Amino acid sequence: MGKSIHEALESVGQQLYSSWEVVVVDDFGPQDGTKDAVELFSKKHLDHRVKYIRHKRNLGVSAARNTGKRYRDWE
């Protein structure tokens with residue numbers, strides 16, 4: 001998954017639209033490089049907001065989606 005996240009993030013970073021942010025919710029998946037990919041991407045795009053959230057246990061896709069939405073509501 002880490003490679004897929006890396007590719008998805010790089011695609012976001014290449015967009016012409018400049019007012020973007022990324023929220024990545026890791027639903028307690030395997031340690032596969034996802035966090036490292038998000039941190040590297042964040043360092044390359046300091047002028048944008050990039051947030052990584054990891055659940056303490058697997059809660060399922062709906063909970064991950066809701067976590068991302070709650071994060072946006074708090075901002």
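Of the 75 residues of the protein, 29% are buried, meaning under 20% relative accessible area with a 1.4 Å probe and protein chains only. The model is predicted, with local features needing pLDDT of at least 70, side-chain atom pairs counting only at pLDDT 80 or more, and totals for chains, interfaces and linings using all residues. Residues are numbered from 1 along each chain as its sequence is written, and side-chain values use heavy atoms, with hydrogens and water left out.

The protein has three helices and two strands, in the order α-β-α-β-α from the N terminus. Helices (H or I, at least four residues) and strands (E, at least two) are DSSP runs, numbered from the N terminus.

| Property of the protein | Value |
|---|---|
| Box filled by C-alpha atoms, along the principal axes | roughly 35 × 30 × 15 Å |

The largest nonpolar core has nine residues: Ile5, Leu9, Trp20, Val22, Val24, Ala37, Val38, Phe41 and Val50. Such a core is a set of buried Ala, Val, Leu, Ile, Met, Phe, Trp, Tyr and Cys residues joined through side-chain atoms within 4.5 Å. Helix 1 (2–13), strand 1 (21–26) and helix 2 (34–44) each give two or more residues to this core, and helix 2 supplies the largest share, three residues.

Leaving aside residues up to four places away in sequence, Trp20 touches Val12, Gly13, Phe41, His45, His48, Arg49 and Val50, where contact means heavy atoms within 4.5 Å.

Terms used:
Buried means under 20% relative accessible area, exposed over 50%, partly exposed in between (1.4 Å probe, protein chains only).
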